[in-house]
Every structure is written in structure tokens, then in C-alpha cells.
Amino acid sequence: MLKIGMWNVEWKGKRSPATTRIKQILRHYDFDILCINEGYPHHLPDWIDGHKIHSEHSGVARYENKMGRKVYLWSKTAFNSVDTIGHPDLPEGRFVSAKISTGIGEIQVIGLAIPYFMYRVQSHNFKTNEGKIRYLNLLKKHILPDYTLEHTIIVGDFNIQIPQQGKQYPPADINRLRQETFKPFLIPSAGDKSHFILEQPLSNTRIAADKMFVDHICHSEDLQTETIWRWSRKTADNVRLSDHDGVGALLTLR
């Protein structure tokens, strides 16, 4: 059994009350592998035997000067064969992958932060969704084909609701490209809220049931999701911890 978690923690500072709460929740779940998006080392479990890697710089200087990164991966066991580039044309600082020895064998883990629709629109005159389209096309054509379709987990902020919600979000062309890109993989975090266990892990954490999901855990077909759950971006007394809910899953070999 492998316990994996994912949370975009919205660059919460080291002294923020939200960070104390974030760490309590993540420690409560005792993940084997954890992906943090828009985070710092202080969000990660501080166990002595833990290991961490992160993506390269993404150009968000006010966060990255303090070691903030779009993607951090943390594991109870050491990483090897680390890749922080993926492809030289990939939108920068939004990818990291590695192999990890686990209780269910060696696992390839890929951490993502797919650009949101306004990526570089103002600073580089990109068209709306251009960064997302570039990222997905490079994943489909040049990155994912290089990985075995066995013992692989992909986790992170996809910035895409799955399935498409009506005709607007994501746009139909993005939805088709996402389907093509991740066709070889299962995405247990996709779908409506009904299949999630809506956990309330600590007494003042509100159950998450009010927001569609854009953060996902997906995996190769030789793995199986036993349980998937989510927790809220807000506390029971409506204090905001992040702008994203968190997601966790228990995986086994099929």
C-alpha cells in the first residue's frame, strides 16, 4: 500500500498561521509521497528520514528567492534518476520527476504544475491558454512516451477540471488535448465529488465539498486506487489555508 498526497498551498509564508495548520494536516496523514505546489521547504514534513526534490525556477522571484518552487516532491525514501527539466521547451520551473523505492516496488513519480490560462499573457504576449497547450503537447509527444507505462504516478496542479464542466471550462480543445495526453493513465481524482471520501481529519478542519477539483493524482493501469479523499482549503471557522483543496489516495498493485 502506498499513501500519496497533493496540495497547492498558495505560497503561504513560514510565519503564517495557515502554515502551522497546513503542517498539522500533512503530518496527520503520514504520506509516503507528497507533492506540494506553490510551496516552500517549511511546508514539507520535517522528519529526519525524509527526502525532497523540487522543480527549477519559474520566474516568480518574490517567492523563489526564499526557496519557493512551483513543485516540491517529498518522500520517506530517497529519490534517484531525478529530472527537473522534462523538455527544454517546457514552460519553466513546472516539472520534476524521479524514481522511488517503495513497499510496492520502484515507482516513477512525476510532479507537475500545468500553467493556468493567463500564463505569460501580459508579460510575454502569449495567447490565452498558450502555456497550457504547450505544456500538454510536450508531455504528450516528448515526455510521457519516454516513461514506462508501469509503476508510474503523475501528481500536481493540472489547472484543469476533469471532466469538462459544461462548454466553458476547460475549453473543448484543452479538454481533448488533456484526454489525449493522459490516455494511458487512470485519473481517480477526476469526476464529481461523489466518489471522494470527504474527510475532516482534525477537529477544526471543514469537510471539502464545495469546489470542483483541478489538482489530480493519476497513475498507470498496473496500479489501483483503493481510497481517495480530499480535505478543505478552509478551516471549520472559515479561515483560508489555501485556494485549493488537498487530495490524498491509497494505491496498491492491481
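Helix axes are lines fitted to C-alpha atoms over the stretch in contact, and angles run from 0 to 180 degrees between N-to-C directions. The model is predicted: local features need pLDDT of at least 70, side-chain atom pairs count only at pLDDT 80 or more, and totals for chains, interfaces and linings use all residues. Residues are numbered from 1 along each chain as its sequence is written, and side-chain values use heavy atoms, with hydrogens and water left out.

**View A. Packing of helix α3 on helix α4.** Helix α3 spans residues 130-143 and helix α4 residues 172-181. Helices (H or I, at least four residues) and strands (E, at least two) are DSSP runs, numbered from the N terminus. The two helices pack at an angle of about 20°, with axes 9 Å apart. That makes α3 roughly parallel to α4 (angles under 35 degrees). From α3, the contact (heavy atoms within 4.5 Å) takes in Lys132, Ile133, Leu136, Asn137, Leu139 and Lys140. From α4 come Asp173, Ile174, Leu177, Arg178, Glu180 and Thr181. By class, this contact has 5 nonpolar, 2 polar and 5 charged residues. Ala, Val, Leu, Ile, Met, Phe, Trp, Tyr, Cys and Pro count as nonpolar, Asp, Glu, Lys and Arg as charged, and the others, Gly among them, as polar.

**View B. The largest pocket.** A pocket is an open set of points on a 1 Å grid over the protein atoms alone, where a 1.4 Å probe fits, with protein on both sides within 12 Å along at least five of seven lines. Lining residues have an atom within 4 Å of a point. The largest pocket holds about 430 Å³ of space, the volume filled by probe spheres set on the points. Its lining counts 22 residues, with Lys70, Arg94, Tyr116, Met118 and Tyr119 nearest the centre. The lining has 7 nonpolar, 8 polar and 7 charged residues.

**View C. Positive phi at Arg120.** Arg120 is not a glycine, yet its phi is positive, about 60°. Arg120 sits in the loop between β7 (105-113) and α3.

Key
Angles under 35 degrees count as roughly parallel, over 145 as roughly antiparallel, 65 to 115 as roughly perpendicular and the rest as oblique.
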